[in-house]
Amino acid sequence: MSYDKELIIHKLERWDRFITNYHLPDWDSIPDLGLYMDQVVVLLVQYLSFIPSIPGGKESFVTSSAINNYVRLKIMPAPVKRKYYRVHIAYLIMILTMKQSISISDVQKILPADSSEDCVRSVYEAYSEKFRQLALFFNQQVQSAATDIRTPSGNEEGAVGRLVIECGLIAGFSKILAEKLIRLCDADTEAVLAAEQPHE
């Protein structure tokens, strides 16, 4: 694979500036007016602009059919007379950011179903804070790993490849551990521990 070093450096610097300043919307700044589906889709694209479109760029990462599916699966509350309020949008922000790394069925196990608005607010605010902390931590790792790309060595392409591999491995290990932890929900503790014992 061939890389344009200046383009890669530009992208890494842009990513650094973006992540350093980015945060999910505060609870109180999320509209609670009752938005229609098309307005919700536009708002979510603005809020989550760092998530790329579906490969090929023909379709947004969020669609009305996907939102209808989340409602049908009871991952989030149904709209009220076809209108979506702050609670709905908060659910969608969490769903859309989590489903970048874990399956929608696993997202469903994590989010509180049929919860009060106060409960959803509490979960969303904790989620937003953790999102911010981990975004900054991940960015530090990326910028540190990218030092080889910025330093003239004649092997910048190899450094880019290593950064891609590192990001992929971090994503993979994170996904695996998240799925293992989710599987422990309502698990039989004795059966899990027994399965881990070496067989004689």
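Guide: One term before we start: contact here means heavy atoms within 4.5 Å. Also, this is a predicted model.

Visitor: Fine. Using that, which residues is Ala-78 in contact with, leaving aside its neighbours within four places in sequence?

Guide: Val-71 and His-88. Ala-78 itself lies in the loop between α3 and α4.

Visitor: Is Ala-78 buried, exposed or partly exposed?

Guide: Ala-78 counts as partly exposed, with a relative accessibility of 45%. Buried would need a value under 20%, and exposed one over 50%.

Visitor: What separates the C-alpha atoms of Ala-78 and Ile-176?

Guide: They are separated by 31 Å, and the two residues are 98 residues apart along the chain.

Visitor: Change of topic: pockets. What volume does the largest pocket have?

Guide: About 1700 Å³. Its lining is made of 37 residues, and those nearest the centre are Trp-15, Phe-50, Gln-100, Ala-135 and Phe-138.

Visitor: Which elements give two or more residues to that lining?

Guide: Helices α1 (5–21), α4 (86–98), α6 (117–145) and α8 (156–183).

Visitor: And how does the lining of the largest pocket split by class?

Guide: There are 28 nonpolar, 5 polar and 4 charged residues in the lining.

Visitor: Phe-50 was on your list. What is the aromatic pair of Tyr-22 and Phe-50 like?

Guide: The pair is edge-to-face, with 5.3 Å centre to centre and 70° between the planes. Tyr-22 sits in the loop between α1 and α2 (37–47), and Phe-50 in the loop between α2 and α3 (64–72), so this pair ties together parts that are 28 residues apart in sequence.

Visitor: Are those two residues buried or partly exposed?

Guide: One of each. Tyr-22 is buried, at a relative accessible area of 11%, while Phe-50 is partly exposed, at 26% relative accessibility.

Visitor: Which residues form one aromatic cluster?

Guide: Phe-18, Tyr-22, Phe-50 and Phe-131. The structure holds 6 aromatic pairs.

Visitor: Now the inside. How many residues has the largest nonpolar core?

Guide: It has 40 residues, and Leu-44, Leu-48, Ile-67 and Ile-93 have the most contacts inside it. Two or more residues come from each of α2, α3, α4 and α6. Helix α4 gives the most, with 10 residues.

Visitor: What does Leu-44 touch, not counting residues up to four places away in sequence?

Guide: Phe-61, Val-62, Ile-67, Ile-89, Leu-92, Ile-93 and Leu-96.

Visitor: Last one, Asn-139. Where does Asn-139 lie, and is Asn-139 buried or exposed?

Guide: Asn-139 lies in helix α6 and counts as buried, at 5% relative accessibility. Not counting residues up to four places away in sequence, Asn-139 touches Trp-15, Asp-16, Ile-19 and Thr-20.

Methods:
Residues numbered from 1 in each chain as written. Predicted model: local features only at pLDDT ≥ 70, side-chain atom pairs only at ≥ 80, totals over all residues. Heavy atoms only, no water. 1 Å grid on protein atoms, 1.4 Å probe; cavity = no way out; pocket = protein on both sides within 12 Å on 5 of 7 lines; lining within 4 Å. Points joined across faces, edges and corners; volume = space filled by probe spheres on them. Helix = DSSP H or I, 4+ residues; strand = E, 2+ residues; numbered from the N terminus. Nonpolar A, V, L, I, M, F, W, Y, C, P; charged D, E, K, R; others polar. Phe/Tyr/Trp six-rings, centres within 6.5 Å; stacked < 30°, edge-to-face > 60°. Buried < 20%, exposed > 50% of the residue type's maximum accessible area, 1.4 Å probe, protein only. Core = buried A, V, L, I, M, F, W, Y, C linked by side-chain atoms within 4.5 Å.
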